[in-house]
Amino acid sequence: MNASAPATAATRSLPRVVAASLIGTTIEWYDYFLYGTAAALVFNKLFFPNTDPLTGTLLSFLTYAIGFAARPVGALVFGHFGDRVGRKKLLVVSLLLMGGSTTLIGVLPTYSSIGAAAPVLLTVLRLVQGFALGGEWGGAVLLVSEHGDQRRRGFWASWPQGGAPAGNLLAAGVLSVLTAVLSEDAFLSWGWRVPFLLSAVLVGVGLWIRLAVDESPLFKQALAAQQQRKTVEQPPLVAVLRNHWREVLVAMGARMAENISYYVMTTFVLTYAVTHAHFSKQTALNAVLIGSAIQFALIPLFGALSDRVGRKPVYLVGAVGVGVWAFVFFGLVDTRSFGQLVVAVTVGLVFHSAMYAPQAAFFSELFATRMRYSGASIGAQFASVAAGAPAPLIATALLKDYGNATPISVYVAIAAAITVLAVLCGRETRGSDLADVEAAVEAEGAAVAAKPATA
């Protein structure tokens with residue numbers, strides 16, 4: 001009787017929670033992708049001017065990759081406290097950290113003003129961005145997953161995932177407008193700062209919306225049950241590695257193709273299209289803009305499909321598709337046709353959506369409530385260090401060494417193979433009751449605790 005009331009209230013507030021998560025993740029990804037886009041287009045000239053263009057781009061992408069190194073740290077810290085004190089509070093902190101560091105990048109002096117201190121400060125702010133994003137993703141998708149019901153969890157939990165293409169759309173859109181209306185000199189002088197400073201306004205809006213939502217009812221129930229038992233809990237990290245280490249490995253493997261393909265096809269492609277295929281910056285940005293808009297519309301559709309046929313089949317279609325498409329992708333870009341460039345990016349993002357949409361529900365359903373923030377975040381963010389972090393860097397180095405894109409396609413295909421294997425090793429989670437995951441882990445823990453007494 002008592003359990004039905006919170007569930008009903010959670011269902012009624014679900015659209016508001018979805019809106020808060022989507023807007024918050026859009027802002028955070030806007031900040032994060034803005035850096036990646038700027039790294040591809042302008043940071044090599046502003047912060048690493050004493051190198052040849054491709055080496056400058058490599059150094060620029062290196063600072064971009066460093067931000068990923070902080071994401072596992074963010075996952076550990078935010079996951080620990082998110083599993084201890086709740087999802088909502090940590091989401092507010094992550095939004096403030098991300099917005100603050102992005103705004104500071106907008107006022108950062110360049111190499112011509114302060115010399116080597118400029119790239120150092122840029123790297124520090126990038127680390128703060130990575131730390132914040134490491135805690136953002138897990139909290140946002142769990143807040144939605146734990147408010148909804150299992151029948152449509154794939155659909156509702158996919159909406160925060162839409163923050164990635166929406167943020168990329170917003171970042172690419174702002175930069176596209178600026179490059180269209182400003183001269184090259186004006187954009188390099190001050191125009192690039194405008195989208196970073198805009199983050200301060202967006203964070204204010206996101207903060208106002210996030211403060212209005214309720215904490216996850218499932219988390220509150222789990223916390224109350226633990227307090228009633230009056231037992232001393234293991235730290236979430238220890239509990240995850242003890243009870244869910246297989247699920248962590250599945251999540252990490254599932255992220256490989258999803259993460260690598262996305263950064264190759266949305267970030268590295270800007271460098272490749274401009275320097276190798278000789279598109280203009282604005283043309284390359286417009287292609288990513290169109291692809292991101294289509295992806296934003298597709299993500300909830302793939303999320304809903306995963307509710308009907310399962311998380312694994314949808315995910316596997318995306319992984320296999322992106323591994324094959326990688327060999328078509330660069331050939332289309334090399335035609336130097338804008339239409340072909342749009343097709344290359346858009347189809348790549350369609351396959352990416354098939355992985356990214358069910359990922360939120362899939363990862364949430366793998367872990368118990370009191371260790372779910374830690375488990376989902378660790379699985380996702382530790383993989384990002386090996387996957388998304390070096391992807392533009394590796395792709396740029398392969399292009400520099402071999403002079404063509406075939407090795408990059410092989411790189412993406414290998415990542416796809418890893419993801420296919422990981423997903424096949426995981427269990428199907430569609431229709432899972434998140435409370436049942438909690439009960440199973442508690443029963444397993446009780447059995448383990450009872451063994452010494454029966455020996």
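Contact means that heavy atoms lie within 4.5 Å. The exercises below concern a predicted model.

**Exercise 1.** Determine whether proline 300 is buried or exposed, and state which residues it is in contact with, leaving aside its neighbours within four places in sequence.

*Solution.* Step 1: locate the residue; proline 300 belongs to helix 14. Step 2: compare its relative accessible area with the cut-off. The value for proline 300 is 8%, and buried means under 20%; proline 300 is therefore buried. Step 3: list the contacts. With neighbours within four places in sequence set aside, proline 300 is in contact with Phe155, Ser158 and Trp159.

**Exercise 2.** Classify the packing of helix 14 and helix 15 by angle, and state which residues make the contact.

*Solution.* Step 1: take the geometry. Helix 14 (residues 281-309) packs with helix 15 (residues 311-334) at an angle of about 130°, and their axes are 7 Å apart. Step 2: apply the classes. Angles over 145 degrees count as roughly antiparallel and those from 65 to 115 as roughly perpendicular; the two helices are therefore oblique to each other. Step 3: identify the residues. Helix 14 contributes Phe302, Leu305, Ser306, Asp307 and Val309, while helix 15 contributes Arg311, Pro313 and Val314.

**Exercise 3.** State which residues touch the most other members of the largest nonpolar core.

*Solution.* Step 1: the core has 132 residues, of which Phe43 and Val333 touch the most other members. Step 2: helix 13 (residues 245-276) gives the most to this core, namely 16 residues. Step 3: not counting residues up to four places away in sequence, valine 333 touches several residues, including Val269, Tyr272 and Phe279.

Technical notes: Residues numbered from 1 in each chain as written. Predicted model: local features only at pLDDT ≥ 70, side-chain atom pairs only at ≥ 80, totals over all residues. Heavy atoms only, no water. Axes fitted to C-alpha atoms, helices over the stretch in contact; angles between N-to-C directions. Helix = DSSP H or I, 4+ residues; strand = E, 2+ residues; numbered from the N terminus. Parallel < 35°, antiparallel > 145°, perpendicular 65-115°, else oblique. Buried < 20%, exposed > 50% of the residue type's maximum accessible area, 1.4 Å probe, protein only. Core = buried A, V, L, I, M, F, W, Y, C linked by side-chain atoms within 4.5 Å.
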